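Good morning, and thank you for coming. I shall take you through selected parts of one structure, and I ask that you keep it in view while I speak.

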Amino acid sequence: MGWLRRHRSIIPYLFLLPGGLWLIVFFVLPLLTTLSVSLQEGSLGSGYRLTFNFAIFPESIMRWNEQFVRSLQYGLIVTILTMLIGYPMAYTIAFRGGRYKSALLLLVIMPFFTSFIIRTISWKFILADEGFVLGTLKDWGVLDPSFRLLATPMAVISGITYNFLPFVVLPLYVALERIDPKLIEAANDLYATRRQAFLKVTLPLSMPGVFAASLLSFIPAVGDYLNAELLGSRQTTMIGNVIQRLFLVNNDYPQASALSLVLMVGILVSIFIYMRVLRGQELGT
Amino acid sequence: MHDESSIERAIARALRPGRRLSRRRFLRDSGRGAIVAGSALSLPAILAACGIGPAGSTAGSAAPSASNKVVGGGEPAGTLNFANWPLYIDQDDNGKSETLRMFTEATGIEVNYDEKIEDNQSFFGIIQPALAAGEDTGYDLMVITDWLVGNMLRLGFLEEFDVATSVPNFVANAAPKYHDPVYDPDNRHSVPWQSGLTAMAYNPALVSEEITSLKQLFDPAFIEKYSGKIGMFTEMRDTMNLTLLYLGVDPAKATVADAERARDVLMAQAPYVRGYYGNDFAQGLADGSLAITMAWSGDIFQLQFDNPDLKLVVPEEGAILWVDNMTIPKGAQHPNDALAMMDFVYQPEIAAQITEYVNYICPVPAAQEVIRQHAEEADNQDDADYLNAVADSELVFPSEDMLSRTYSYKVLDEDEERQWNELFGEVVQG
């Protein structure tokens, strides 16, 4: 104890130890393994050798350029859509929820009680070309017989939006819930219209929530492969599908690792730009 | 939650009204389709992937060394660790297999039956590190598809046995087609478990003409009217080999130039294709999303109980006969027990019992009579009808004529496999 008392400054680091170890074992080491694997050459049969094959990075970006761009696009669209749908939801629950607040929040997280794979596969059954929704509408002549929802970009984007919506609503709710209603009243007292009060008070105060929510939808959406796999087609292949196939079908571990790293760097860069833009805006106001 | 395809099966089952065979196996997870999503979540595969050592890993080089000695001829040890695919043996409602029970009764060998194999490629990923290190994989008997038999043989990962003395029932009862296959000459390392066809199927309700030729699956002039209703397989070997047949090339003799031509054909077809499927093609065909599709015979046989109109076609140009084989991994602890099992299931009575449940192509022609016999002895009409349907189906007991029009997958060496994967990757993922 005496030693600790003399080296008081070390105590905060001791608190960091469990989390730090966890990060080293489950994040840093796998990341280094991934890096090492990506620089190897060979095959599963005859073994892999570390050859420091750095050329694999530019090669994979060139080869899968289209899928990278598509993933980033889908991620961006999904983030905007979830925000447009999720913000009014969170706002309503936080400010108009009243005594139903908990019940409404429970409804938001309700889908988590079922595996998202099962929910996504269910969409496949519900929206099948001749399934009970489209089939019925086609029988009534409302839809053209060749109309379909599945295997289109819209199906994939809707699927991802649907799956990540709760991740957006929850942080937005927390941010909005914290806002003191008196601040909005004060704005009204100072002759702000409701619109002005929202734009000048509520929205800026909820920005940390918007920031967290957009990251929580953008990052997993870009890397998602399940929705594209189940609801999409060849024309909606995302980078996650490519990585998945390389890893588990082709057993081409180096290529798959290289793509994973490129994806990670790509997401980090986009987030960095996003943060810069957001901060710039805050300074501007 | 370990396998998306089993969930998909369960949902399909639940949503399917009045399914007569509901308790029988619905779709074999023919994970040959590697139904991608699910297997990606299989932790062992991912761990195995991480396990490849960095610097100078000599995986593989150690393996073939060991011994070229032949296993068998000894006393069984009394234990058998058996890795197989899900729903690939007869099972009652509690998951107990009569075949395994009878085997234990007859031989005294206890079986640890493990439905471990969801997909050839990822199963190989799991056992490869042990094999490369010259260690026991923990399995004595495993069921793998013919091309993987070829691959593992090349790597020296399979035990050799003398089929004449160790598996006499195979020699006596297997159909001629299964002797001396291209992927394992003289059956020195493998005997078939079940097999099936990779061919094509269609839904006559959505297709106005009779489908007989691969042209009607590949040629844009024919398929334009079914645009968006054409299904292909996501499994590289199935799709590439069938495309080669369309081009008139025997897959076994295909060169890389042929594979490139196959890629070109598939790229031209791609705009009309709805998707590249695993075993979920069956759902697409059943719910009307697909009009014409590549198909596995066993799935169509099952679907026909719901929709007798669905048709499986062995095209004029031929079809692929794939064979899942019983093999003994190198270093197995109980090879004599594994050989005992191989011999046991080649008795017509036992082969019939398995086929009645799994509905794939039975390698034992004599089982057909046994199943007819069972139909006569059945205590209700439903069971009798079902058993007769199994015995009479060309999809379970194909005629010699049908078999003569089938080809095997090409066994690819490492370079070819990489090239084919790359070519096919352009097709399915752009």
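Let us begin with Leu127(A) and its contacts: once neighbours within four places in sequence are set aside, this residue touches Val133(A), Leu134(A), Leu149(A) and Leu150(A). Please bear in mind that we are looking at a predicted model. Leu127(A) sits in the loop that runs between helix 6 and helix 7 of chain A, the latter spanning 134-139.

Pro88(A) belongs to helix 4, residues 65-96. Pro88(A) and Val169(A) are 81 residues apart along the chain, yet 9.0 Å separates their C-alpha atoms. Pro88(A) itself has 12 other C-beta atoms within 10 Å, and because 12 or fewer means exposed, it falls in that class.

We return now to helix 6 of chain A, which covers residues 116-126. Which residues of helix 6 are buried? They are Thr120(A), Ile121(A) and Lys124(A). If one looks down the axis of helix 6 of chain A, the buried residues fall within an arc of 100°, and therefore they line one face of the helix.

My next topic is the backbone. Most residues other than glycine have a negative phi. Two residues of chain A deserve attention on this point. Tyr191(A) is not a glycine, but its phi is positive, at about 70°. Tyr191(A) is found in the loop between helix 9 (181-189) and helix 10 (194-223) of chain A. With 7 other C-beta atoms within 10 Å, Tyr191(A) is exposed. Asn251(A) likewise is not a glycine and has a positive phi, of about 50°. Its place is the loop between helix 12 (239-249) and helix 13 (253-284) of chain A. Asn251(A) is buried, with 21 C-beta neighbours inside 10 Å.

Let us turn to chain B. How many helices and strands does chain B have? The count is 20 helices and 12 strands. Of the 430 residues in chain B, 55% are buried. Consider next the contacts in chain B between residues at least 6 apart in sequence: 80% of them join residues at least 24 apart.

Chain B is divided into two parts, namely domain 1 (20-46 + 62-193 + 323-363 + 370-379) and domain 2 (196-321 + 406-429). Taken over C-alpha atoms, the centres of domain 1 and domain 2 of chain B are separated by 27 Å.

Finally, I would like to examine a pair of helices in chain B. Helix 11 (residues 236-246) and helix 20 (residues 414-429) of chain B have axes that come within 10 Å and cross at roughly 85°. The two helices of chain B are therefore roughly perpendicular to each other. Helix 11 of chain B contributes Met236(B), Thr239(B) and Met240(B) to the contact, while helix 20 of chain B contributes Trp420(B), Asn421(B) and Phe424(B). Of the residues in this contact, four are nonpolar, two are polar and none is charged.

Thank you for your attention.

Note on methods. Residues numbered from 1 in each chain as written. Chains lettered and ligands numbered in written order. Predicted model: local features only at pLDDT ≥ 70, side-chain atom pairs only at ≥ 80, totals over all residues. Buried ≥ 20, exposed ≤ 12 C-beta atoms within 10 Å, placed from the backbone. Helix = DSSP H or I, 4+ residues; strand = E, 2+ residues; numbered from the N terminus. Arc of directions from axis to C-beta. Axes fitted to C-alpha atoms, helices over the stretch in contact; angles between N-to-C directions. Parallel < 35°, antiparallel > 145°, perpendicular 65-115°, else oblique. Contact = placed C-beta atoms within 7 Å. Nonpolar A, V, L, I, M, F, W, Y, C, P; charged D, E, K, R; others polar. Domains from an automatic or database assignment.
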